[in-house]
Amino acid sequence: MMSVSNARTQPRGVAIRALLASGLAVGIAGCSASPDTNNRTSAAEHAGPGGGFKLVDTKGQTVTDQTLKGKPYAIFFGFTRCPDVCPTTMARMALLHKKLGTQAGKMNVVFVSVDPEHDKREDIASFLSMFDAPVIGLTGDPAELKRMEKSFKIYVERVPLPNGDYTIDHTARILLFDRDGQFADTMDAKEPEDQAVRRLSRLINA
Amino acid sequence: MTPRIALALIAALASPLSAQIARKGSITAADPWSRATSPRANIGAGYVTVRNTSTQPDQLVSATSPRAAKVEIHTMSLDDSIMRMRPLPNGLEIPAGGEASLAPGGNHIMLIGLKSPLKAGERIPATLRFARAGDVRIAFKVVGAGSTVAGVRQGGRQ
Ligand SMILES: [Cu+2]
């Protein structure tokens, strides 16, 4: 059982990353992994990202996985002081949302802050106000956020900087969920716009 | 389309970013730009393309701006979709006869402790300090936060 004790002494971030990697590998390869005592995956790991959560939006209203049911949604985890990837991704989501035209209202765009230490509801509202699309901005109890990050297979690590501040390493991938709250797909920034819009449109009309 | 309208269109498309080049010795800094920040944000990122015509490498060692309490040179990586940002304590090398691009998704100038949010249409003065060439003064042109990278390359959207 050496490997188990080694795994326990790994820094948390490494463990989460390994979980993320295994989750994605399973997503691509299906459940074909051979039984291996050192690498036994639980049913939870076999499942795609997603699951129940209970957070609050920028107006203080409770939002859960149940609230979002009925419409597909694109969800992105970031933080408002992220200078680059987060605004770039949200700008892109806003653009794709706009390009959906009359279908735009048939899906939701969700932003979850992974920085509860800094991002209050007002910060998230202020951040989202810069983008030309209705986005549901969520925050909540730090423990609940952690739980959600884990079940959505989002890597998050707070990294102190030499200047006394901190930054947050995080998964910068958009996850797509169908109207039943089932994980459908991921999106990255490199995908051509038209292709991304077609994919969103398929999700809406599925 | 009349030639006059065609010319006006070309000028409009080519305008805001291609216009700005700062030069000092062997170093040129072209098209500095930044994204508007949210009303409550106190940090922002600046982008610029630096070319070095010298046969010696140069080093962007530090930067300052009257708009920010502190300016740092940062790098960002996207590895397996995980975004990581780190300061570059020794700055950034500009290879001899080459260039270093500070652009979204990679190296950038980090404006920390903004005295006020960056607004689209503004120009934010900054000084880049090079080990050999010395100080190069630039001004980041601020474009809308919702500008996509492709949009910025085409001239920005306010
Ligand atoms: Cu930075």
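What is the accessible surface of chain A, and what share of it belongs to carbon and sulfur atoms? The accessible surface of chain A comes to about 10100 Å², with 54% belonging to carbon and sulfur atoms; areas were computed by the Shrake-Rupley method with a 1.4 Å probe, and for residues only the protein chains shown count as cover. The model is predicted, with local features requiring pLDDT of at least 70 and side-chain atom pairs pLDDT 80 or more, whereas totals for chains, interfaces and linings use all residues. Residues are numbered from 1 along each chain as its sequence is written, chains are lettered from A and ligands numbered from 1 in the order in which they are written, and side-chain values use heavy atoms, without hydrogens and water.

Chain A contains 8 helices and 9 strands, taken as DSSP runs numbered from the N terminus (helices H or I, at least four residues; strands E, at least two). Of its 206 residues, 46% are buried (under 20% relative accessible area, with exposed over 50% and partly exposed in between; 1.4 Å probe, protein chains only). Among contacts in chain A with a separation of 6 or more, 70% come from residues 24 or more positions apart, a contact being heavy atoms within 4.5 Å.

The copper ion has as protein donors B:His74 (ND1), B:Met85 (SD), B:His108 (NE2) and B:Met110 (SD), at 2.1 to 2.3 Å. Donors are N, O and S atoms within 2.8 Å of the metal (3.2 Å for Na, K and Ca); water is not among the atoms, so sites may look incomplete. The site is tetrahedral, with angles of 98 to 122° among the 4 donor atoms (four donors qualify if all angles lie between 85 and 135 degrees). For four tetrahedral donors, the ideal angle is 109.5 degrees. Along the chain, the donors follow the spacing H-x10-M-x22-H-x1-M. B:His74 in strand 5 (residues 68-79) and B:Met110 in strand 9 (residues 108-114) of chain B are 36 residues apart, a pair linking distant parts of the chain. B:His74 is buried at a relative accessible area of 1%, and B:Met110 is buried at 3%.

The contact between the chains involves 32 residues from chain A and 34 residues from chain B. Chain A and chain B bury about 2600 Å² between them, 57% of it on carbon and sulfur atoms; buried area is the accessible area (1.4 Å probe) that two parts lose on being put together, summed over both. Between the chains there are 3 salt bridges (a side-chain nitrogen of Lys or Arg within 4 Å of a carboxyl oxygen of Asp or Glu). B:Arg40 forms a salt bridge with A:Asp123, with the closest N and O atoms 2.9 Å apart.

How values were computed: Tetrahedral: all angles 85-135°; square planar, octahedral: opposite > 155°, others 65-115°.
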